[in-house]
Amino acid sequence: MNVSNAHPGRAKVAVVPYGPEALRALNRFISEAKITDPLAPVTVVVERGVVGLAVRRLLASGWAGGGSQGGACGGAGAGIANVSFVPPAHLAEQLAGPAMSLSGRVPLDDVILQGVVRSVLGERRGGRLAGSAHHTATVRSVAATYRDLRDVPGGALDRLAGHGSRASEVAEVVRAIREQVEPHFYDQRDLFDLAREVVDGTPDLAAAVGAVAWYLPTSLPPHERELLEALAAKRSCVVFIGSTGDPRADREGLDLANKLAGGDSPFSISLPERVVAASSVVSAPSADAEVHHAVRTAVEHNGAGVPLERIAIAYSTDDPYGRLLRDRLHGAGIPFHGGPRSPLGGSVAGRTLLGLVTLLEEGWEEPAASSWASVNPVRFDLLASLPEVASRQTARCAELDRERRWGGWSRWATGVLHEYLGNDAERLDWPVEETEAFNSVVQLLATMARLDGMEGGPGLGEFRVALGTALEDPAPPVSRFGHGVFIGTISQLIGLHFEVCLMLGLHEGAWGGRPGDDPVLPDRIRAAADLPLRGTQPGDRARQFLAALAAAAECTVSFSRGDQRRGRLQRPSRFWLDSLGAVSDSDRRLYSRDIDSVLPSGKYRVIHSLVDSVGRRGQAIDPSDYDTRSLLSWVGSGTKIDRHPLWSSDPVLVSVVETRRARRSLRFTRFDGFADSLGIPTPSGGVAQSATRLQEYAQCPRRYLFSTVLGLQEPEESGAAYRMSPRDRGTVVHRILEEFLRDQVRLPVGERIAPTRPWADADRERLLAIARRVFAACEREGLTGRHVFWQVDRAGIEWDLVAFLRSDSEYRAARGVVPDAVELAFGPEHHLPVGVAMPDGSSVILRGVIDRVDRGADGSTVVIDYKSGRPREMEELATDPVVRGTQLQLPLYAMAARRRAGASTIHAFYWFVTEAGGFRMFGYPIDEERMDRFTGVLGSIVGGIEAGLFPARPGAEMGNCTHCPFDTLCPPDRVRQWEGKRDDPRLAGYLNLAEPPAPEETP
């Protein structure tokens, strides 16, 4: 191979075009290495194992990218006998594995590393990272940063420490982690270092590797480059660096070539004749239509003779494209491999184990336990013995809590999996993916046992957090490479070769933008300290895209104009626009505003709707696709759908049409939430009700149906949340104020703070000390989000608390009251029942917790409900004491306070205790008129529930849907449906409550 090299012992460098040319160059290198001996060893180093598999198969077949079996790869070749295709880490393992095993150290996996990170952060006092040491996001971020910095050359941490307090802290943490890790574990850097030493000191071993080709690296970290140089000093080594032909995209690759060649050394360059471009461009209305079009196109190519394994469908992001593709291909019976992998926590084993641990941590409540047992395939006989399970497992966890050993928790959890999910024989009928996931969870637990001695032993809560973090790792792959269509991200196409490729999701922001920075050590600090950057540069994205285009002779790129899940429009990325300009022969660069001026053609297709995609000519994907097209043609011809042959044989079709017709009518039907015949439990049935749930019905009955009637759970927030949620922030403020005032209400009345006495400096210090304890608990529970945001939020809460003391002093002096109770719970279980009589003679039993009760010297009572948000709709309290049923607490709390103390004069207030709420109080004295309004509205709510009325009411500008956790369960056209149904006579009572006519409209 004609590659020049001015320095003996240095790796040779060849810059080659991505695609078939790179494959031909590799084939020539292998042929030259085997000229004298067809069995001479050759090692091809590839970035990913699948690239090695693909290249091996293509070289063996003689394919060159020109067709289904396409011509030779460049010359007759010498075959691939004794040619190894390995990722860099595998090569290092082959070279250094035997020697490393003698050291007694074991591999450092993520579970161990995260345990060490928790230990190191937990021992720190002060600093940015110590405050969120047990937060899942912090642990993962620090572990990832350690992986980055572990690979840098010696002395880099010393340079890093000189770039500010954050950099210094990170350097200290990395050193501390290294001190705990190195005696017991080895990572990739250790493995590569030893492999380099083995190559230097064992010539025969280097000879066994043979000639070395480093094939299309996107980068060469220092440890890989050092091993390459060691091999080059012993054997013939060539690095093939891919080129796209675009100077901006190739800049980093050419810089790497210069470094490897020694700066002043020549290296061979074979640039593409032109920058590769897409063959065709597609604009789709949604991701669903985009996926449908891609799968149909793949089926058509397969029908034209292209094997499925020669077709690739790539996408910008796993969500939603990976899931949609898997569902569509699976439904069509089309084999595929690759694609996103679900987390272990979503598998049967992961879900069952984490659910049980969470149950035990939260105290094992019967409804939650029954739900856990019913949604997981636990042994049937356990369903009848849940109390016995609770007793036994609670006792065992108490023992493990005292022992605090990782090994104990690991053995217990492994035993739980086998006991509740069955032994190996009982799981023979499990799907392959679930069996593999089960084995991975067991292996994960065995790995956690090795944390003994590395990290302080956990209690149940710490074990649950560590287990949840570990189960976020992806489940093992089960698909077989080369079997069916390849699916994966766009960057995974680099180094692969297909005949047809379809790239999806090229809209702005999904692919092509810069990914998020490292929250622990941002790129600005990394750049100043000359460390590897975390964020991918724009040029890297361009190289990935152009290299992916070179992976197939025919490539189609597409984007979706709308995101139907979030209800917003999307703009195409720069890559899609440039592709459109290329296929339309535009004489200038196109922008989003230019799209409408480009006419569709053979190379540019605009799909107007999913119906348009399904109804177009071409081969149907599956029977459903065929039937849908037949129905569209039938209806398009003017024939009624109930005369189609499918009508009499497909009950699902009949149900769908019936549903659509009912929803389009002006009648309120069972398809719109009319559930009068389903036996909905009545709030007056004797079970205590909360005001919050009943308010939920007044705001939107459909949400009440989902949460209370059906018992659907709101999705948990991600453990990697950037910021404390508003709900958690409000809980924190409540906890602090409760603890602060509880000391007062425990005192005799005469010793409590006098109404006219303001809170003193000592009180302020006590309040802030309580706040610090609550903050620390929140940090341990992982509620605080990213450290930088938590510092801002924490300071804001502290400011609000101090300001609250001033506001409270003014309030007590004006009202002449002293604190009398905090967190006053009422309801049957608290021996303080509160019942409201309904017109039909029944009674609604209510329960709740009053944040605060104050009492005046004259016996008057003030009840207070703290609020931490903004005072929306509170001005309406002046005209409606319950604000159309959405604010029921004040009259209810007044009833509970009167039942408790018999006070005749009661005032009730919502108190906004933050700067955002202006520390304003909204409320009124409780009188007969307001109580009558409360009772009447409560009767309307109960009557609507008993009548089975659960329409979806979006509210003004869909305000009720903005923060609703069940937003995606409601139909997209809910506004039109509500406007069409609201005048149905059955909804008159609810409509009069939720949307009463304006005063001037009253007859």
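Me: Is W978 buried or exposed?

Reply: Burial is judged by relative accessible area (under 20% is buried, over 50% exposed, partly exposed in between; 1.4 Å probe, protein chains only). W978 has a relative accessible area of 5%, so this residue is buried. Y990 is likewise buried, with a relative accessible area of 5%. The model is predicted: local features need pLDDT of at least 70 and side-chain atom pairs pLDDT 80 or more, whereas totals for chains, interfaces and linings use all residues. Residues are numbered from 1 along each chain as its sequence is written, and side-chain values use heavy atoms, without hydrogens and water.

Me: Which residues do ring pairs link into a cluster?

Reply: Rings of Phe, Tyr and Trp (its six-membered ring) pair if their centres lie within 6.5 Å; planes under 30 degrees apart are stacked, over 60 edge-to-face, the rest tilted. Here the cluster consists of Y697, Y704, F950, W978 and Y990.

Me: How many aromatic pairs does the whole structure hold, and how are the rings of F912 and F922 arranged?

Reply: The search finds 25 aromatic pairs. F912 and F922 are edge-to-face because their ring planes stand at 90°, with the centres 5.8 Å apart. F912 belongs to strand β23 (residues 906-912) and F922 to strand β24 (residues 921-925), so their pair ties together parts ten residues apart in sequence. Helices (H or I, at least four residues) and strands (E, at least two) are DSSP runs, numbered from the N terminus.

Me: What is the strand order in the open sheet of seven strands?

Reply: Two strands pair if DSSP finds at least two bridges between them. The order is β11-β12-β10-β13-β14-β9-β17, with parallel pairing. Strands β11 (336-338) and β17 (604-606) are at the edges; each has a single partner strand, so one side of each lacks a neighbour in the sheet. Within the sheet, five bridges join β9 (residues 280-284) to β14 (residues 552-560) in parallel. V281 faces V557 of β14.

Me: Which residues does Q744 touch, beyond those up to four places away in sequence?

Reply: Contact means heavy atoms within 4.5 Å. Q744 touches R752, I753 and W759, leaving aside residues up to four places away in sequence. Q744 is part of helix α28 (residues 726-745) and is buried, with a relative accessible area of 10%.
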